[in-house]
Amino acid sequence: MKKLYSLLFLCFIMGMAQAQIQEPVKFKTELKTLSDTEAEIVFTGTIDAGWHVYSTELGDGGPISATFNVDSKSGVELVGKLQPVGKEVAIFDKLFEMNVRYFESTAQFSQKIKFTGGAYAIEGYLQFGACNDENCLPPTDVPFKYSGETKAQAPTATADKEVKKKTEPAVTPTEEKTEKEAEASSAMIESTPAASDSTLTTQQPEIAASDLWKPVIDELNALGEETQKDASWLYIFLAGFLGGLVALFTPCVWPIIPMTVSFFLKRSENKRKGIRDAWTYGASIVVIYVSLGVIITLIFGASALNALSTNAVFNIFFFLMLVVFAASFFGAFEITLPSKWSTAVDNKAESTTGLLSIFLMAFTLALVSFSCTGPIIGFVLVEVSQGSNILAPTIGMLGFAIALALPFTLFALFPVWLKSMPKSGGWMNVIKVTLGFLELAFALKFLSVADLAYGWRLLDRETFLALWIMIFALLGFYLLGKIKFPHDDDSNKVGVTRFFLALISLAFAVYMVPGLWGAPLKAISAFTPPMYTQDFSLYEDEVQPQFKDYEAGMEYARQQGKPVMIDFTGYGCVNCRKMEGKVWIDPKVKDIISNDYVLISLYVDEKEPLPEPITVVENGKERKLRTVGDKWSYLQRVKFGANAQPFYVLLDNEGNPLNKSYAYDEDIAKYVDFLKTGLENYKKSK
């Protein structure tokens, strides 16, 4: 989402809420003896399709790196650092604005250890992060515990023999706390009888706030479940269809329509055959472009194309390509495929008959129109492939091809329409130049990705916005006839349509001006560089949580007589930031959250250590909660049966849900309804 943190401590209560609890990664551990003095602890994970596990040492401000952590050890020394093993994917992640490395399908990490002689024991855990294109899961621990006896001596000829030992279950003895330690942990919860399969072990015999941790999974399920959806096939199809419509009105395609339709109608003995040939011509166009989408999918695969779209080198290439095409559309030069290609195909079409002849004519159209359709096709393919949908390129090209082929079949069915068809002229060059301005604007988007990857700081947010303001202002002046390019005619007339387009372009330029001082500009937030690159900002209108502690926030809400909104989030969660930057700042949403609710934001990747580790039993397995983030992640799982972020729940003062949960969805009206329904239910319960 492009930000985040990772995986859950596996858990689902008696099989409940399985639709929300996700377990996309499963790790196993083993101890491999390399010699009498050395061994390695190997972690091997299997990863569900669409998910990836992040590698080691990615740096601050990004996803959760894989780390090797030791709770206790004796007779053992660590050798070096945790090492990733196998094929990593290395890309620039636009959501994190940094270079990242991760594993797909399978992941393996190895940590070497050295025996110092005699008995040895080592206990600890691997922590890793995992994400897909929609969400991320909290930092996840893979515990291990090994012990045995060995002799410290020089390596022998049998050093390469592997001895595998299975992981022993970690058992944490309950230690008697001092009075001071008991006070420090007084905020910790003790699970209630309703959570018998997911218990939290503490030394506190009674916790006043324990009811606040009572599972409400059944209640949430009864209210309904909110899930996150991938981009629909319809959306992908419409994106391609829109690209096809734009290509249709370019000088490379539009003038060919009447000539082609007239050719089919005149060469046939009867009208029916002419219509059939025109239909075949349109179908051939669809087959050609859909085949292009299939070929791209087979060569790259959806995930590879998505990775390519975030690659810094690719983005530089695409930036340069769009700038060159923009210059061509402005009239600096013409870009065409080698003429011998189209000539050869055209000659072949003339020398053949039947369906093959018509197909070759359609292929000729694809070649000669490349200078106009090429950049549009490239941009459509990149945009629709920003995800794991393997059919996205094919569906996108289907929409593009249908839009391109539609006029040929419609005009063949209704040839009288040809008389009313707008003639080619200066208006087509206006469309071409307008496309040039748009390509120049989008080129900056791709350059921005590379700029962030290499840390050039050439395109800070205000620089990017200043260039976009200039581009769309110049486009507005061009549409008003104040700027001329080589292929423009001398007419000073500005039609009504052209005037309104100029008005829209100039208004858009004015809309972006406040962004120079830090305004959020929600309409283009997906294109602009991140806010942290802004050198100067006057914008402070953000929704801030009142509490970052569950118990303290719930107690305050009880005293104030207000309902609570729990925001399960993370410092590295991109979609969380999107919700905060696009939905929470809406005046209606902000007013309801700020005035009617007590907002508690719980960061599941918070690294502040707890006063002491807490042992929990989830799904029959003992686990340790070591950090504040572990505690909030456990709360989300045990109480609400979910583990992905962002995740929003509305509660009354006893910790009972007031509405169904809400996941990542930028529909503001839907979010307002979510909040208002919770308020109404709270008032009814009073």
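Visitor: What makes the contact between the side chains of Lys670 and Asp665 a salt bridge?
Guide: A salt bridge requires a side-chain nitrogen of Lys or Arg within 4 Å of a carboxyl oxygen of Asp or Glu. The N to O distance between Lys670 and Asp665 is 3.1 Å, so the pair meets that rule. The model is a predicted one, in which local features need pLDDT of at least 70 and side-chain atom pairs count only at pLDDT 80 or more, while totals for chains, interfaces and linings use all residues. Residues are numbered from 1 along each chain as its sequence is written, and side-chain values use heavy atoms, with hydrogens and water left out.

Visitor: Why is Lys670 called partly exposed?
Guide: Its relative accessibility is 30%, and partly exposed is the class between buried (under 20% relative accessible area) and exposed (over 50%), with a 1.4 Å probe and protein chains only. Asp665, at 22%, is therefore partly exposed as well.

Visitor: What does the salt bridge of Glu666 and Lys582 tie together?
Guide: The two side chains meet at 3.6 Å, N to O. Glu666 lies in the loop between strand E18 (647-651) and helix H20 (668-685), and Lys582 in helix H17 (residues 574-583), so the pair links parts that are 84 residues apart in sequence. Helices (H or I, at least four residues) and strands (E, at least two) are DSSP runs, numbered from the N terminus.

Visitor: How do you know that the length of helix H14 agrees with expectation?
Guide: The expected span is 1.5 Å times one less than the number of residues. For the 19 residues of H14 (residues 461-479) this gives 27 Å, and the end C-alpha atoms are 27 Å apart, so the two agree. After H14 comes Gly481, whose phi is positive, near 85°.

Visitor: What makes a set of residues a nonpolar core?
Guide: Its members are buried Ala, Val, Leu, Ile, Met, Phe, Trp, Tyr and Cys residues joined through side-chain atoms within 4.5 Å. The largest such core has 37 residues, and Ile285 and Phe400 are among those touching the most other members. Helix H11 (392-413) is one of its contributors, and H11 supplies the largest share, eight residues.
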